Amino acid sequence: MNADNLTGLIGYLKQDQWQSCFEEVLGEHLGPALEAADISFEDLGDILGQGAAMSLWGCAFEDFLGQDWDNENFVEVYLKRRGWKEGPRKSAYMRGLKEAVMSLYEVSQIVPGQSMMVRDLLRGGDPVLVHERSATQSLKPWGRIAARLVPEDGKMVLAGSLLAYSQQACEDLAENLREVLKRKRGQAEFPKIKTDVLRDLAPVFTLTWLFRTMENMVSASEPPVLFNGDGEDLVFHDVCFPLSKGSTQKSIAEVLNTIPCLQHAARMIWNWTRQAGDHVPEGHSKAGDSKAQFLSTTLDDGGLVLGTLELKGRQLRLQVNSETRAEQGTALLRNALGSLIGSPLTQIMTAEQALEEQRTSGRGEVLEDEIPLEEEAEVLAAVLEQHYRRVLEEVVPGLGHVTPRQAVKTAAGKKKVAAWLKQIEATTAGLGREGAGASFSFDWMWEELGIKGLRK
C-alpha cells in the first residue's frame, strides 16, 4: 500500500460507519480461508510474515475503495471532508485507485528499480509500461502478479498490494474463475473477462492465492508418502552382479538383447519395462494417504520403466525402486544369464535416506577463489546458448513430441512454443549467482523460430 498517498485515507477508516463496511469486505477476501485453517487474521502475520499479511489486508482495502455503500463511496466522502489536506495529486491518486480493478498480469522487460511491461491475461490488450521500484527487484521475466494499475502523474504505477502468483496458483485461479462465471474449459488458459465483471471478482484473487499458499506450506512441512508406480514402498535397490570368469560384456549384451522386456536405451544400458497390457502386480494397498506420491517413468510407447540395467567394467548393475522389483529383476537375470554372472551384492536406500543425501550433497565449504561474476556470466551464457541451439532440433514432450522448429509451423504450435520459451526464460533467470545469468539473452531463439511477435 502506498503509505505516502493513503495515510489519511486509512486513518479515516476508524469511523464506525466505515469500519463495519470494511470488515464485511475483509471477510469476503479472507474469511473462507481463515475459517478452513481455523485461524484469525492476527495469526496470518506469524504464519505468512507481516508483509504478506498486510498485502492481503491491502487487497481487501483497495477493493473496498471501489464500492458504494448506501450510494456513498468512502473515497469521495473522505475527499469531500478532508480533501483540502491532501492536495490535487494525492486526491487524483485516490480516485484512480477507486476506479482500478484487480486482474492477473504477466510481466516482461523488467528494468530493476525502474519499470516493467505488464500484459493483462484476463482482459487482453497490449502490454502496458508500469513504473515500479520495489517489485521489479524481485520479479522474474514472465512471472505473474495479481495487482491493480493506477494512473499517477501521467504514468501507470502499481497499487501497493500485489500478490505474486505461482504456476499452481494460476491454474487454481483459472479453474475458480470458470466456476464462478459458469464457463466451460476452453483452449485459452484463462477465460476472457470484461472490466465490469472483473470488478466484482476481487475476492477470488485473494482467496485463491491464500488457499494455495497455505496448502503449499502444509505440504512443505509434511513429508510425502512415496510409492512407485505399482503402489509399493519406495526403497531404492542397487543390485550389482559380477561377471563370471570368461564372460565378456559382448556375451552378456547378446543375451540381454534377446529378452523382450528389456529395451536398449544407450550403449550398454537397457530399460526393464512392462507394457500397458501386461499383468500388473497387486499393489496400492498403502496408497490411501492423501500425501501419497507415485513415482514412475513411462516411455513414449506407453511402457512402464521398472528399472535400468547397465554393463560397466566387470559388473552388470540393476537399479530398481522397490524390494519386489529387486527380487523379480534378480530372478529374471539369473534365469537368462545363468553362469555368465555371479552372486549379486545389493545396496539398499530408503526414500528418506535418498532425500537427505540429496539435501546434503551440495553442502560444503565455499572456495575462496571463486570465479568472478563477469566470467561466470560469460561461461553460463556460452553453455546455455550451446544447449538451447541443440534443443531446437530435439523433440520436446510439452510441444506434442515434436521439435520447436516443427511446432512453429502451425498457429497453435507457435503459441505453445511461446509459452515454452517464457517458462525457460523464467527458469533461467534463477541460474548461477546473483547477476551471473543476467547477460544471457533469449532474443535469438524468438527470432530464429519466427515468433518474436508473441513475446509480449
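**Entry 1: the cavity**

I began with the largest cavity and listed its lining: Glu62, Asp63, Gly66, Lys98, Ala100, Val101, Met102, Arg148, Arg199 and Ala202. The model I am reading is a predicted one. I sorted that lining by class and got 4 nonpolar, 1 polar and 5 charged residues. The space in this cavity comes to about 60 Å³. I also looked up how many cavities of 30 Å³ or more there are, and the count is 1.

**Entry 2: the pocket**

Helix 15 contributes the most, with 10 residues. By class I have 14 nonpolar, 10 polar and 14 charged residues around the largest pocket. I looked at the domains as well: domain 1 (3–221) and domain 3 (373–454) each supply at least three residues to the lining.

**Entry 3: salt bridges**

I found 18 salt bridges in the structure. Side chains of opposite charge can pair when their charged atoms come close. I picked out the pair of Asp153 and Arg89, where the closest N and O atoms are 2.9 Å apart. Where do the two partners of this pair sit in the chain? I placed Asp153 in the loop between strand 7 (149–152) and strand 8 (155–158), and Arg89 in helix 5 (residues 74–99).

**Entry 4: confidence**

I looked up the pLDDT last. The mean for the protein chain is 82, and 79% of the residues reach 70 or more. Residues 282–290 fall below 50, and I noted 11 contacts for this stretch beyond near neighbours in sequence. Residues 363–369 also stay under 50, and for these the model has 0 contacts beyond four places in sequence. Where pLDDT is low, the predicted coordinates should not be read in detail, so I left it at that.

Key:
Residues numbered from 1 in each chain as written. Predicted model: local features only at pLDDT ≥ 70, side-chain atom pairs only at ≥ 80, totals over all residues. Heavy atoms only, no water. Helix = DSSP H or I, 4+ residues; strand = E, 2+ residues; numbered from the N terminus. Nonpolar A, V, L, I, M, F, W, Y, C, P; charged D, E, K, R; others polar. Domains from an automatic or database assignment. pLDDT = per-residue confidence, 0-100. Contact = heavy atoms within 4.5 Å. Salt bridge = Lys/Arg side-chain N within 4 Å of Asp/Glu carboxyl O. 1 Å grid on protein atoms, 1.4 Å probe; cavity = no way out; pocket = protein on both sides within 12 Å on 5 of 7 lines; lining within 4 Å. Points joined across faces, edges and corners; volume = space filled by probe spheres on them.
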